[in-house]
Amino acid sequence: MMPLVPFTLSWLVGIWGASRIALPTLALGVAVGVAIFGLVLAWRARKLCWILVLALAAVLGALRYNSVQPHFDQTTLATYNDQQKPVVVEGVIVAEPDTRDTYTNLRVEADHLLILQLSSGQVSNLSEGVTRTVKGLVLVQAPAFTDYHCGDRLRVEGKLQTPTDSPDFSYREYLARQGVYSLMSRPRVTTLARDQGFAPLGWLYSFKARAKNIIAQILPEPQASLLTGILLGDDAATRRRHSQERAGSVSHDGHLARDCDQRL
């Protein structure tokens, strides 16, 4: 058990070092080969082997850090963020739609991008666009309470944007940790086909939808939202519960204020 602690620490040191210094992946691969070759040659020397094992852990940690860093090129959707020209993105919804009060978040795995040409009067022209094969997730903010499901294939027309940060919260980093680097707010959305995604994932979300309906029929609010959030991991239900609690608090404060006014 004890050797695991220094091995883990060396792994973390490698990740930290790679985050501070740009280490080429090729050089790290060569270092892994050298460390493994050294272990084979010095397997009888216990102390030297242990040093090589720790060095190998650090190099593997650095390789892990490099492997999860985003790489943007002409086939990456985020490369086309923040351009003046509108684009058309085609892709499949890969997560359960997240309905908010005024919009619905759709995570779309893009596979085709059409860069539109602006004709006279700044009107987009679909027939003169340039089509590219791309990859990457885009967070589409569609109108609220629309009929979209995981696995739907969509055509989305609008402007790709880089998520912005606020003074209190880094929304860009929050989405980046989930592999999302592009945002499209209030675009024109067209459903091209249904059930185009990974079938078991669609079955899972269908089961969750039925379970939410059953819970909503059995329990009143906010108990239904609380149970849905706990059992099904439904963040939207949790947010609704918090909103209702805040609204109830405001309503209660308002009643208290009116009571005080009447007494005065």
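Predicted model: local features only at pLDDT ≥ 70, side-chain atom pairs only at ≥ 80, totals over all residues.

Trainee: Okay, and what secondary structure does the protein have?
Mentor: Seven helices and seven strands, where helices (H or I, at least four residues) and strands (E, at least two) are DSSP runs numbered from the N terminus. Along the sequence the pattern reads α-α-α-β-β-β-β-β-α-β-β-α-α-α.

Trainee: How many of the residues are buried?
Mentor: Buried residues are 32% of the 264 in the protein. Buried means under 20% relative accessible area, exposed over 50%, and partly exposed in between (1.4 Å probe, protein chains only).

Trainee: Which residues touch the most other members in the largest nonpolar core?
Mentor: L77, V89, L106, L113, V138, L154 and L160, out of 20 residues in that core. Strands 1 (87–93), 3 (103–119), 4 (123–143) and 5 (153–158) each give two or more residues to this core, and strand 3 gives the most, with five. A nonpolar core is a set of buried Ala, Val, Leu, Ile, Met, Phe, Trp, Tyr and Cys residues joined through side-chain atoms within 4.5 Å.

Trainee: What is L160 in contact with?
Mentor: Leaving aside neighbours within four places in sequence, the contacts of L160 include L77, V87, V89, L113 and V138, and also N81, D82 and Q83. Contact means heavy atoms within 4.5 Å. There is also a second, separate core of 10 residues, with A18, V32, L39 and V59 among them.

Trainee: Switching to the surface, which residues form the nonpolar patch?
Mentor: I214, I218, L219, L226, L227, I230 and L231, with about 650 Å² of accessible area together. Helix 5 (199–218) and helix 6 (223–232) each give two or more residues to the patch, and helix 6 has the largest share, four residues. Patches are made of residues with over 30% relative accessible area and no salt bridge, with like charges joined within 9 Å and nonpolar side chains (Val, Leu, Ile, Met, Phe, Trp, Tyr) within 5 Å. A salt bridge is a side-chain nitrogen of Lys or Arg within 4 Å of a carboxyl oxygen of Asp or Glu.

Trainee: Where is L219?
Mentor: L219 is in the loop between helix 5 and helix 6.

Trainee: Last topic: how many aromatic pairs are there?
Mentor: The structure holds four. Rings of Phe, Tyr and Trp (its six-membered ring) pair if their centres lie within 6.5 Å; planes under 30 degrees apart count as stacked, over 60 as edge-to-face and the rest as tilted. One of the pairs is F72 with Y181, edge-to-face at 5.4 Å centre to centre and 85 degrees between the planes.

Trainee: Where do those two sit in the chain?
Mentor: F72 is in the loop between helix 3 (46–67) and strand 1, and Y181 is in strand 6 (residues 180–185), 109 residues apart.

Methods:
Residues numbered from 1 in each chain as written. Heavy atoms only, no water. Areas by Shrake-Rupley, 256 points an atom, 1.4 Å probe, with all protein chains shown as cover.
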